[in-house]
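Subject: Structure for your review

Dear colleague,

Please find below the structure that I am handing over to you. My findings follow it.

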Amino acid sequence: RDQKIPVYGFGARIKSTSRVSHCFPLSFDSSNPEVNGLRGVLDAYHSSFSKLLLSGPTYFSEVLQLASAVASSHTFSSTSQGYTVLVILTDGVIDDMRNTIESIVSMAELPISIVIIGIGKANFDAMNRLDGDDGALKASSGRTASRDIVQFVPMRQYVNDPYGLTDATLAEIPEQVISFAKKKKVPPMKQTAREWNNLEAEYEDDVKTGVVLQGQQQHYRQPQQQTYQPPAIPQYQQQHQQQPYASVPSPSPWFAQAAQSMQPQVNSMMYVPPQQQQQQQQQQ
């Protein structure tokens, strides 16, 4: 809720030390690795290139160990539920696969999910092994991961589909959170009421920090009435009377913005069975 995001890099030679590091804060301040919101993440990423040189190999284990420590510090109970989502962006294959698997198997016991996004044209076949969809990960000791906590997404499949990329990266997280809660036998927290003026204040803060573009402010407030118009199908018959659906308050400004931008802009259609089409033609 505070929009504070810890951001780390790996696989780079730090100019100030001339040493290759596999886990370093992009703020280059180990005492303060957090940035403010999405804009802070992007700014930290772009500004970091003046202080480092990209370098192999690609090791995940140090970043995973740090994320494991963060997740271990969270309380997950019926009154306080902290859950960590680690997002890893990589353009190369993993060079420490064994240590990575060992870490993930252990992390399955913690309140954490891992999303790995493969960028570029590298061969990411080995990443599917970490995903766990084809079978639980197994450590060299024979220990098996108690649950699936990894989702791998090749970005090249969604170059022209940003909403599809969002869906793919978040697809497994709800079930992973629920599976952890069931494993620990922790019931859901009681829902607390959030007033709309608080959401309004959060949205204004996002505008100020650059998370929401100024030109998109009008998308926050939904109109009183919208019209849903499903896609056209050649065998369907045009229906001239549009059917409005009730406007429902958005649960968050981000949802309102996304929903507004994805609203279909096609003609409304009505399916008419072939027999009814013949009857209509005979009546005419």
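Two strands are taken to pair if DSSP finds at least two bridges between them. In this predicted model, β8 and β9 are joined by 7 bridges and run parallel. Within this pairing, L89 has I117 of β9 as its bridge partner. Together with α3, the strands β8 and β9 form a right-handed β-α-β unit. On β9 there is also a parallel pairing with β10, over 5 bridges; here the bridge partner of I116 is F152 in β10.

Of its 7 residues, 7 are buried, so the strand is largely enclosed by the rest of the structure. I112, I114, I116 and G118 point one way from β9, while S113, V115 and I117 point the other way, and all are buried.

The largest nonpolar core comprises 28 residues, and I114, I116 and L130 have the most contacts inside it. Two or more residues each are given to this core by α2 (61–72), β8 (84–90), α3 (97–107), β9 (112–118), α4 (127–131) and β10 (150–154). The largest share, 5 residues, comes from α3. Beyond its neighbours within four places in sequence, I116 is in contact with F60, I88, T90, M127, L130, V150, Q151, F152 and V153. There is also a second, separate core of 8 residues, V7, L26, V35 and A44 among them.

Q176 lies in helix α6 (residues 173–184). With a relative accessibility of 4%, Q176 counts as buried. Residues up to four places away in sequence aside, Q176 touches Y83, S113, R147, D148, I149 and V150.

Turning to aromatic residues, the structure holds 6 aromatic pairs. In one of them, Y45 and F49, the ring centres are 5.0 Å apart and the planes stand at 85 degrees, so the pair is edge-to-face. Y45 is partly exposed, with a relative accessible area of 44%, and F49 is partly exposed at 35% relative accessibility. For F124 and F152 the centres are 5.7 Å apart and the planes at 50 degrees, which makes the pair tilted. This pair links distant parts of the chain, 28 residues apart: F124 is in the loop between β9 and α4, and F152 is in strand β10. F124 is buried at 3% relative accessibility, and F152 is buried with a relative accessible area of 8%. Finally, F76, Y83 and F180 form one aromatic cluster.

Yours sincerely

Note on methods:
Residues numbered from 1 in each chain as written. Predicted model: local features only at pLDDT ≥ 70, side-chain atom pairs only at ≥ 80, totals over all residues. Heavy atoms only, no water. Core = buried A, V, L, I, M, F, W, Y, C linked by side-chain atoms within 4.5 Å. Buried < 20%, exposed > 50% of the residue type's maximum accessible area, 1.4 Å probe, protein only. Helix = DSSP H or I, 4+ residues; strand = E, 2+ residues; numbered from the N terminus. Contact = heavy atoms within 4.5 Å. Right-handed = clockwise from strand over helix to strand, strands pointing away. Phe/Tyr/Trp six-rings, centres within 6.5 Å; stacked < 30°, edge-to-face > 60°.
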